Amino acid sequence: MLEAFSNEVIWIVVFSFIIAFFLAFGVGANDVANSFGTSVGSGVLTLKQACILATIFEILGALLIGYKVSDTVRKDIFDLEMYTDEEKHLMMGNLAALFGSAVWNILATFLKLPISGTHSIIGAVLGFTFVAKGFRGIHWKTLGFIVASWFVSPLLSGLVSVSIFLLIRRFILSKEKPGEAGLTSLPFFYGFTVFVNVISIVLDGSPVLALDRIPSWVAVIISVVIAIAVALFVRFKVVPKARNKADTTREQNERALENPISPDEDVDMTDDNRPEVSVLFKNLQVMTAIFGSFAHGGNDVSNAIAPLVSLWLIYSNNQDGETPAWLLVYGGIGISAGLWIMGRKVIQTMGKDLTKITPTSGFTIEIGSATTVLMASKIGLPISTTHCKVGSVVFVGVARTKSTKEVDLKLFRSIILAWLVTLPFTAVFSALFLFILYAITVP
């Protein structure tokens, strides 16, 4: 009987793998800009360099921390027991969810709008659930928690980023020698970034890699030791080189200031774009961009492959099993492909069009939003990386100039509108596709 069922639904599995790759492609083209848009916009990384780093760390993030969010999307939004003895209907529903989300992700990317992949897939899941079972079995408490996070996440991420930015302004930028103050704190920034990143991997980590067997105290010790080692390396290897570069840049700037400057030219030497400070944070921004990419891979791979995981486990007669590692890697590869081929469009929006990005503000945007996303990934909450990054970009953009004049509010309103229509659009696309599948396959 199991073999007969497998033969009956093999077409669903094949089409689901194909559509899931297109969905991952769309997520990569749209959402990976959240990780590297500010780095490219500030000139710290070229687009090619960003794509190479994203390919590596999106896949690593998907493999090492992506399983928890994937489980949330596929298990906790609706009651799986409704589909007991109706596994084929559940598989078709997941196929419809993949289709509805893929269509909207790719369409939004063509329009250069950074949307929420999380909104997209959850809307699509609700769409097929409504067609198949109405409103029965939906876990409204879990759904409400997720929806609330969509509004809380940009606020929380923005506040974290602004707090870091204001601390940098207070203790580095306002100093008589900001470059030297920044160099003194550089090992701490690197150590903190590495600590959060490592502990997110080893603390209650992926069961696929047996990381969940590591005791909490061992995970903390491992993270601290690695962070200290990195901080020491930065102190004795990176800082001297950065100091030489900062000195060279300062000398060049001083020579440039000997020439007359037109009255309407704005040269604000207390701004976060001071040359000696920019040189310092260019190196650190690469680290935070990698941090953000890793966090994105961990959180948003679920947006591409959670329905695929669900139907694959049904097909393999292991519906209560864990998310297979190879499926997480499959999603990560699709995400990377989307970035390479179509990512430029949304990178332009996030890195340049919304507000001016400097190495210092870019660092605070990335570290604040990535920290928020990583915390959410560890508790299994599929928040929107787009919401986090846009919230940080806007908050820091306002904090830099103490006004909204440097933020493109018209573009920001368009992004908000895209967020609002994402869930209903994907729900409709998913529902319509499932109606078509039923009409074709169900007697």
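Trainee: How many helices and how many strands does the secondary structure of the chain come to?

Mentor: In this predicted model, the chain has 14 helices and 0 strands. Read from the N terminus on, the elements are α-α-α-α-α-α-α-α-α-α-α-α-α-α.

Trainee: Which residues does UniProt list under "transmembrane region"?

Mentor: The unreviewed UniProt entry gives residues 9-27, 47-69, 113-131, 143-168, 188-210, 217-236, 325-342 and 415-440 under that name.

Trainee: What does the chain look like over residues 143-168?

Mentor: Residues 143-168 are 100% helix and 0% strand, with end C-alpha atoms 37 Å apart. Another listed span, residues 415-440, is likewise 100% helix and 0% strand. The end C-alpha atoms of residues 415-440 are 37 Å apart.

Trainee: And what about helix 10, how far apart are its end C-alpha atoms?

Mentor: They are 26 Å apart. Helix 10 covers residues 325-342, and its 18 residues should span 26 Å at 1.5 Å a residue, so the two values agree.

Trainee: Which residues are buried in helix 10?

Mentor: The buried residues of helix 10 include Gly331, Gly332, Gly334 and Gly338. Leu327, Leu328, Ile335 and Leu339 are also among them.

Trainee: Moving to the chain in general, what percentage of its residues count as buried?

Mentor: Of the 443 residues, 58% count as buried. The accessible surface of the chain is about 18600 Å², and carbon and sulfur atoms account for 67% of that surface.

Trainee: What share of contacts join residues at least 24 apart?

Mentor: The share is 87%, counted among contacts between residues at least 6 apart in sequence.

Trainee: May we look at a single residue? Where does threonine 372 lie?

Mentor: Threonine 372 lies in helix 12, which runs over residues 359-378. The side chain of threonine 372 reaches the backbone oxygen of glycine 368 at 2.9 Å.

Trainee: Why does threonine 372 count as buried?

Mentor: Its relative accessibility is 4%, and buried means under 20%, so threonine 372 counts as buried.

Trainee: Which residues does threonine 372 touch?

Mentor: Leaving aside residues up to four places away in sequence, threonine 372 touches Ser153, Leu156, Ser157, Val160, Ile383 and Cys388.

Trainee: Cys388 is a cysteine. Is cysteine 388 buried or exposed?

Mentor: Cysteine 388 is buried, with a relative accessible area of 0%. Cysteine 51 counts as buried too, at 3% relative accessibility.

Trainee: How many disulfides does the structure hold?

Mentor: The structure holds 0 disulfides. A disulfide is a covalent bond between the sulfur atoms of two cysteines.

Trainee: A new topic, then: how many residues of helix 13 are buried?

Mentor: Helix 13 is mostly covered, with 14 of its 17 residues buried. The helix runs over residues 385-401, and its end C-alpha atoms are 25 Å apart, which agrees with the 24 Å that its 17 residues should span at 1.5 Å a residue.

Trainee: What follows helix 13?

Mentor: Lysine 402 follows helix 13, and the phi of lysine 402 is positive, near 60°.

Trainee: Which residues does arginine 169 touch?

Mentor: Not counting residues up to four places away in sequence, arginine 169 touches Ser174, Ala399, Arg400 and Lys402. Arginine 169 itself is placed in helix 6, residues 140-173. A polar atom of the side chain of arginine 169 lies 3.3 Å from the backbone oxygen of alanine 399. For the backbone oxygen of arginine 400, the distance to a polar atom of that side chain is 3.1 Å.

Trainee: Back to burial: is phenylalanine 291 buried or exposed?

Mentor: Phenylalanine 291 counts as buried, at 0% relative accessibility. This residue lies in helix 9, residues 275-315. Among the residues that phenylalanine 291 touches are Thr193, Val196, Asn197 and Ile367. The C-alpha atoms of phenylalanine 291 and valine 196 are separated by 9.2 Å, although the residues are 95 apart along the chain.

Trainee: And where is leucine 186 placed?

Mentor: Leucine 186 is in helix 7, residues 178-202, and is buried, with a relative accessible area of 1%. Val234, Val238, Val239, Leu280 and Leu284 are touched by leucine 186, not counting residues up to four places away in sequence.

Key. Residues numbered from 1 in each chain as written. Predicted model: local features only at pLDDT ≥ 70, side-chain atom pairs only at ≥ 80, totals over all residues. Heavy atoms only, no water. UniProt positions renumbered as here; feature names shortened; annotations may be inferred. Helix = DSSP H or I, 4+ residues; strand = E, 2+ residues; numbered from the N terminus. Buried < 20%, exposed > 50% of the residue type's maximum accessible area, 1.4 Å probe, protein only. Contact = heavy atoms within 4.5 Å. Areas by Shrake-Rupley, 256 points an atom, 1.4 Å probe, with all protein chains shown as cover. Polar contact = N/O pair within 3.5 Å; in protein donor to acceptor, adjacent residues only side chain to side chain. Disulfide = S-S within 2.5 Å. Expected span 1.5 Å × (residues − 1).
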